[in-house]
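Subject: Structure handover

Hello,

Here is the structure for your files. My notes on it follow below.

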Amino acid sequence: MFSTDSHSLHHAIPLEKIRYDERGLVPAIVQDYLDGAVLMMAWMSRESLQKTLETGETWFWSRSRQELWHKGATSGHIQKVQSVRYDCDSDALLIGVEQLGDIACHTGERSCFHQVDGQIVSPPGDTLSQLFEVICDRRDHPNENSYTCKLFAGGDNKILKKIGEESAEVVMACKDDELEAIASEVADLLYHTLVALAHHQVDIKAVYRRLQERRK
């Protein structure tokens, strides 16, 4: 279920079906509804879940303060709820959100899960988003040995020529009904299209938003 309509959200999940623990709480994993990146984990009570469904914005239960808290009420980094799901045992929630400001962590990072071996890293999202991040890094930190950097150096002429070539190869692979070739050529086309997006400073999330709008 994907909807920003709070009425639809309220009827998307039966509150009485959720299995809360002995404290009356249920863990809620929050992820970006566009690229699937895990942003944070927090606890919800029946009341906070109900407020989340009614308002279309995330509310949680603070175990330290023993009170409800509205995510982003102070920082402005509000989470607009797009979907709510519960697992097979009905004792965990998965909430898809549009994260305003693209910051979920109190440290200023996009995700609370931003540490690996003491290093700050971006949260993993879908494959295309991760590839796009690498492409943007190549754009911002040129390396003469990088094929991606050579495409950027060639500008639109080189990038768009490659998109044309890869499009033709996708067509030929489909005409020949060669399944492995189709997958390979589409992968090449997607990569070169992402390079074009990065070259023109268009975020891949803008594409995802258009697809979501059309899906609705």
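Buried is used here for under 20% relative accessible area, exposed for over 50%, and partly exposed for what falls in between (1.4 Å probe, protein chains only). The model is predicted, so local features need pLDDT of at least 70 and side-chain atom pairs count only at pLDDT 80 or more, while totals for chains, interfaces and linings use all residues. Residues are numbered from 1 along each chain as its sequence is written, and side-chain values use heavy atoms, with hydrogens and water left out.

Overall. The protein chain has 6 helices and 8 strands, where helices (H or I, at least four residues) and strands (E, at least two) are DSSP runs numbered from the N terminus. Their order from the N terminus is α-β-β-α-β-β-β-β-β-β-α-α-α-α. Of the 216 residues, 38% count as buried. The C-alpha atoms fill a box of roughly 60 × 40 × 30 Å along the principal axes.

Ser-129. This residue sits in helix α3 (residues 127-140). Ser-129 counts as buried because its relative accessibility is 11%. Leaving aside residues up to four places away in sequence, Ser-129 touches Asp-35, Ile-204 and Tyr-208; contact means heavy atoms within 4.5 Å. With the side chain of Tyr-208, the Ser-129 side chain also makes a polar contact at 3.3 Å. A polar contact is a pair of N or O atoms within 3.5 Å; within protein, one must be able to donate a hydrogen and the other to accept it, and residues adjacent in sequence count only if both atoms are side-chain atoms.

Helix α2. In α2 (residues 46-55), Ser-48, Leu-49, Thr-52 and Leu-53 are buried. They lie on the same side of α2, because they cover an arc of only 135 degrees around the axis, taken from the directions from the helix axis to the C-beta atoms. Just after α2, Gly-56 has a positive phi of about 80 degrees.

Strands β3 (residues 59-62) and β4 (residues 67-70) run antiparallel and are joined by 4 bridges; pairing requires at least two DSSP bridges between two strands. Ser-62 has Glu-67 in β4 as its bridge partner. The hairpin has 4 residues between the strands, and Gln-66 takes a positive phi near 55 degrees.

Cysteines. With a disulfide defined as a pair of cysteine sulfur atoms within 2.5 Å, the count is 0. For Cys-105, the closest cysteine sulfur is that of Cys-112, at 3.9 Å, which is too far for a bond. Cys-105 is buried at 6% relative accessible area, whereas Cys-88 is exposed at 75%.

Regards
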